[in-house]
Amino acid sequence: MKQMMVRCDWCGVRFEKLTCELYSHNFCSREHFYLWNGQRMRKYNQCVNAMNKPGGIMESRIKRGNLLRGRGEGKTYTKCLGKHEHRLVAEEKLGRPLRKGEVVHHIDGDYKNNDPNNLMILPSQREHVKLHSVHKEVIL
């Protein structure tokens with residue numbers, strides 16, 4: 001296989017590379033590629049990324065969600081940007097993201113009442129089922 005001398009786009013060091021592996025940007029190591037790509041993505045996110053511009057994707061997703069909200073039969077949890085609202089409220093109450101397996105329980109049984117005082121965080125679905133079974137026995 002034929003090799004060619006190229007220059008690293010990050011550090012400028014000359015090195016040999018197979019002609020079949022030549023790209024528009026070449027690097028002497030994977031670390032230099034990661035550094036270069038990180039800098040490139042940082043610039044992109046600051047200047048070009050539509051998600052970060054006023055009136056961009058996030059704003060339009062929020063606006064669309066607000067338009068669709070309340071149009072269903074009312075049998076599901078309300079969502080904000082694709083995440084259940086009661087989970088967002090619980091995370092804010094805890095001051096950390098919910099761990100895998102943690103379940104948010106509505107104390108008064110009204111799953112539309114997302115008041116922080118109405119939410120209880122349980123460590124697992126098993127504990128949630130136990131809580132509901134105890135509540136059922138009290139009713140019967």
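These legends describe close-up views of a predicted model. Local features need pLDDT of at least 70, side-chain atom pairs count only at pLDDT 80 or more, and totals for chains, interfaces and linings use all residues. Residues are numbered from 1 along each chain as its sequence is written, and side-chain values use heavy atoms, with hydrogens and water left out.

**View 1. Lining of the largest pocket.** The largest pocket holds about 270 Å³ of space. Among its lining residues are Arg61, Arg64, Lys79 and Cys80. Helix H2 (57-68) and strand E3 (79-80) each supply at least two lining residues. H2 gives the largest share, six residues. (Helices, H or I, at least four residues, and strands, E, at least two, are DSSP runs numbered from the N terminus.)

**View 2. Salt bridge between Lys83 and Glu91.** A salt bridge is a side-chain nitrogen of Lys or Arg within 4 Å of a carboxyl oxygen of Asp or Glu. Lys83 is partly exposed at 34% relative accessible area, whereas Glu91 is buried at 15%. (Buried is under 20%, exposed over 50%, partly exposed in between; 1.4 Å probe, protein chains only.)

**View 3. Network of Arg96, Arg99 and Glu102.** Salt bridges link these three residues. The closest N and O atoms of Arg96 and Glu102 are 3.1 Å apart. Arg96 is partly exposed, at 25%; Glu102 is buried, at 12%.

**View 4. Salt bridge between Lys130 and Glu127.** The N to O distance is 3.6 Å. Both residues lie in helix H4 (residues 125-139), three residues apart, so about one helical turn separates them. Lys130 is partly exposed at 44%, and Glu127 is partly exposed at 31%.

Notes
On a 1 Å grid over the protein atoms alone, a cavity is a set of points where a 1.4 Å probe fits but cannot get out, and a pocket is an open set with protein on both sides within 12 Å along at least five of seven lines; lining residues have an atom within 4 Å of a point. Grid points are joined across faces, edges and corners, and a volume is the space filled by probe spheres set on the points.
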